[in-house]
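Welcome! Please take a look at the model below, and then let us walk through it together.

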Amino acid sequence: MVAALELYLDTVATRRIRVLWEALEAEGVQSMRSLLEQRHRPHVSLAVAPRFDPEQVTAALAGTTVAAPLRLSFQHAGQFVGRVLWLGPVPTPELLAHHRRVHDLLVAGGVPLVEHYRPGRWVPHCTLSMRVPNALMSAAVRRCLEVLPLEATVVSAALTDHARNISHPLP
């Protein structure tokens, strides 16, 4: 399991993604709804690490609003290697600048981060499923397209490490 710095979405967008999770489950695709005893929340991760020290992260981000009221416009569905299905927001200059600012503060604070979340490599996304069976991928993508476009506002943020049962709210 990994730890993440997660941006949470407004109530309407969260509800729409949860409905999408249900639709995927109805297609036979295990969605993020099934993880963590249904405590998983739709989100976009700004940073990921094998493990986070909440005090170190809080110190590195002191004075920064991680949950900046960014507007996200989810316009596409995507797939990462390993059959991971996701919805992607448009990578606006504001979103990319916010990501870079948070990343740079974490690195300056000595927080070790996963390489593919670095600026220039990061693909902003909201994961829907971690293992879509190949035979069900086209049906799963079709379900995703039914909810797009999806407009959202970032309303809160947290540092999470589900393996250690940590959910630490951030400003």
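**A walk through the model**

Leaving aside neighbours within four places in sequence, histidine 40 is in contact with Arg18, Trp21, Met32 and Leu35. Bear in mind as you look around that this is a predicted model. To find histidine 40, go to the loop between helix 1 (11-26) and strand 2 (43-49). Is histidine 40 buried or exposed? Histidine 40 counts as buried because its relative accessible area is 8%, and buried means under 20%.

Now turn to arginine 41. Its charged end sits over the ring of tyrosine 8, at 3.7 Å from the ring's centre.

Next comes the interior. In soluble globular proteins, nonpolar side chains tend to be buried together. Here, the largest nonpolar core has 50 residues, and the members touching the most others are Leu5, Leu72, Phe74 and Leu128. What does phenylalanine 74 touch, if residues up to four places away in sequence are not counted? Its partners are Leu9, Val44, Leu87, Gly88, Pro89, Cys126, Leu148, Pro149, Leu150 and Ala152.

Finally, follow the chain to strand 6 (residues 150-161) and strand 7 (residues 166-170), which run antiparallel and are joined by five bridges. Across this pairing, leucine 159 of the chain faces histidine 168 in strand 7 as its opposite number. Strand 6 and strand 7 form a hairpin with four residues between the strands, and there asparagine 165 adopts a positive phi near 60 degrees.

Technical notes
Residues are numbered from 1 along each chain as its sequence is written. This is a predicted model: local features need pLDDT of at least 70, side-chain atom pairs count only at pLDDT 80 or more; totals for chains, interfaces and linings use all residues. Side-chain values use heavy atoms; hydrogens and water are left out. A nonpolar core is a set of buried Ala, Val, Leu, Ile, Met, Phe, Trp, Tyr and Cys residues joined through side-chain atoms within 4.5 Å. Buried means under 20% relative accessible area, exposed over 50%, partly exposed in between (1.4 Å probe, protein chains only). Contact means heavy atoms within 4.5 Å. Helices (H or I, at least four residues) and strands (E, at least two) are DSSP runs, numbered from the N terminus. Two strands pair if DSSP finds at least two bridges between them. A charge sits over a ring if NZ of Lys or CZ of Arg is within 6 Å of the ring centre and within 35 degrees of the ring normal.
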